[in-house]
Amino acid sequence: MRRGSFLTLCLWAGFAFLYLPIIVLIVYSFNASRLVAVWGGWSVKWYGELFRDPQVLGAASMSLQIAAISATVAVVIGGLAGYALSRFGRFRGRTGFSTMLTAPLVMPEVITGLSLLMLFIAMEGLVGWPAGRGMTTVIIAHITFAAAYVAVVVRSRVAGLDRALEEAAMDLGARPLTVLRRITLPMLMPGLLSGWLLAFTLSLDDLVIASFVTGPGATTLPMLIFSKVRLGVSPDINALATLIVAVVASGVLLSGWIMLRAERRHARQVRAAFRREGAMDGN
Amino acid sequence: MTDTAADRVADSPALSASRGRLIGILIPTAWLLLFFAIPFLFVIKISLSEAAYSVPPVSDFLIWQDGWPVLQATWANFALILDDPLYLQALLGSLRIAAISTLLTLLIGYPMAYAIARAEPGMRTPLLLLVILPFWTSFLIRVYAWSTLLQDQGMINSALMWLGVIDDPMRMLNTEFAVQLGIVYSYLPFMILPLYATLERLDGSLLEAAADLGARPATTFWRVTLPLSLPGVAAGCLLVFIPAAGEFVIPELLGGPDTLMIGKVMWQEFFNNRDWPVASALATILLLLLIVPILLLDRTQSRAEQG
């Protein structure tokens, strides 16, 4: 068991490494002192300052809108792509299709951001759209890389689906669209939901790509945080970070719970269906 | 009858299934071609243009002379980059820092992934969730947290001085060490997830067989476990190395003025110097360097799916 305990030690040391900075941020968000090195007693004044700062509120609302819209479109595009990769077998151009979906996952953001900006400027010159840069261009950029992440999630989810259910529905005469609506989509729901959440957080988190493709009047939350951080230590960032951690942690726990429940219900339904079938066979 | 022939054809399940297939492939393809692949062509175009005092700050690529189009392409930007030791240093520095950080991430991530894969089945999902959770909270803020931890008066220096390990604060912030730490920290989940995926599928009976044949645990690891997990190692390393090589936020917040990385240099050329052609040329060179690793990653992923 010596090796087992060595591994366990590594695991918990790794978790300490991952969570230490986050815990420090949370603790210092309640520090009354402005200086990081000095503990000035407990206080919630930075939270008050945060909620009175119109810049922070404006950027947060901008970021949330961009994240919600881009996550929704990314789920449609990435969902189709993930389904196609998992189900359509070999089709012409599959290699290129799969490369175009893998590359955005790892492409350095400076390259993606710069190239999209160049595209937007060229498009504006050629077809007059998008006119200028701002929220629309940031949304398009976020859809593009988030769709690739959604495709990964949906692809692995589709691979784990039981194909027999869809085939049974087809055999019973259901049209493809009905099968999609009544069988495939409900079974894919947990995957689509986690894909949406992933796309949402990725959009909420992006600094580099948004900095390239944004325009006047569209300052996102990461851009605001970045400018504050570059100016020096600002304790209200700690408060903001703590709020983000709280929201994300509860979102992840909630979606985990929803998925677990959906899986259990699905398993129950399948068992019930088999029982009915067994009863009919007995007749 | 309002039914047209086309409607009736569309009603046939087989045909509408193939139409569905077409839509499923066409929409993502069109989107990714327009907003991911084609933009690179414009970067290449700008990298071959001359800088100018105009909006946008680039001279026209194509000019009309006596009714004929004349291409104004120039290699000057690439020549400048290859001549200037600063750019070359930044390019090589990025690759070196990314490579070292990838190796460190592997050394930390492998035992963690292995420990999760060998944990009780019911514990695996919660442990994985613990690995992923930090990734869901703002990357920018987590990197910023390290900058406060690593300061001269930060918690790490204070703790080490309190313990008597050091007498004076160590300079950690604004060094290459801080950049590597930041990369390892930020990309650790990308290493652990593919490693876990291969280690979890590992056939336990192979390990038992090795043990039954008298192999010591260390031998079993080196001769059985590690070779079988190489696809996961490859995927994890590529998932860390490729984006790390073009990282901007981490060297900007944790690195010093002497920590040259190509992503940061490119950002400065673009935003501070407004030199779009040189920034585009740097992006083109970085893209060319990363094409092979990206294709390798795509390969490892399709292979993992097949077997």
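Arg274(B) is partly exposed at 45% relative accessibility, where partly exposed lies between buried (under 20% relative accessible area) and exposed (over 50%), for a 1.4 Å probe and protein chains only. The model is predicted: local features need pLDDT of at least 70, side-chain atom pairs count only at pLDDT 80 or more, and totals for chains, interfaces and linings use all residues. Residues are numbered from 1 along each chain as its sequence is written, chains are lettered from A and ligands numbered from 1 in the order in which they are written, and side-chain values use heavy atoms, leaving out hydrogens and water.

**Backbone of chain B**

- Arg274(B), although not a glycine, has a positive phi of about 50 degrees.
- The loop that holds Arg274(B) runs between α13 (262-272) and α14 (276-306) of chain B; helices are DSSP runs (H or I, at least four residues), numbered from the N terminus.
- Asn174(B), also not a glycine, has a positive phi of about 65 degrees.
- Asn174(B) is found in the loop between α7 (155-162) and α8 (176-201) of chain B, and is partly exposed with a relative accessible area of 30%.

- A cis peptide bond links Trp129(A) to Pro130(A), with omega near -10 degrees.
- Pro130(A) sits in the loop between α5 (109-127) and α6 (135-159) of chain A.
- α6(A) has 25 residues and spans 35 Å from its first C-alpha to its last, close to the expected 36 Å, which is 1.5 Å times one less than the number of residues.
- At Ala146(A), α6(A) bends by about 25 degrees, the angle between axes fitted to the seven residues ending there and the seven starting there.
- α6(A) is largely enclosed by the rest of the structure, because 18 of its 25 residues are buried.

How values were computed. Helices (H or I, at least four residues) and strands (E, at least two) are DSSP runs, numbered from the N terminus.
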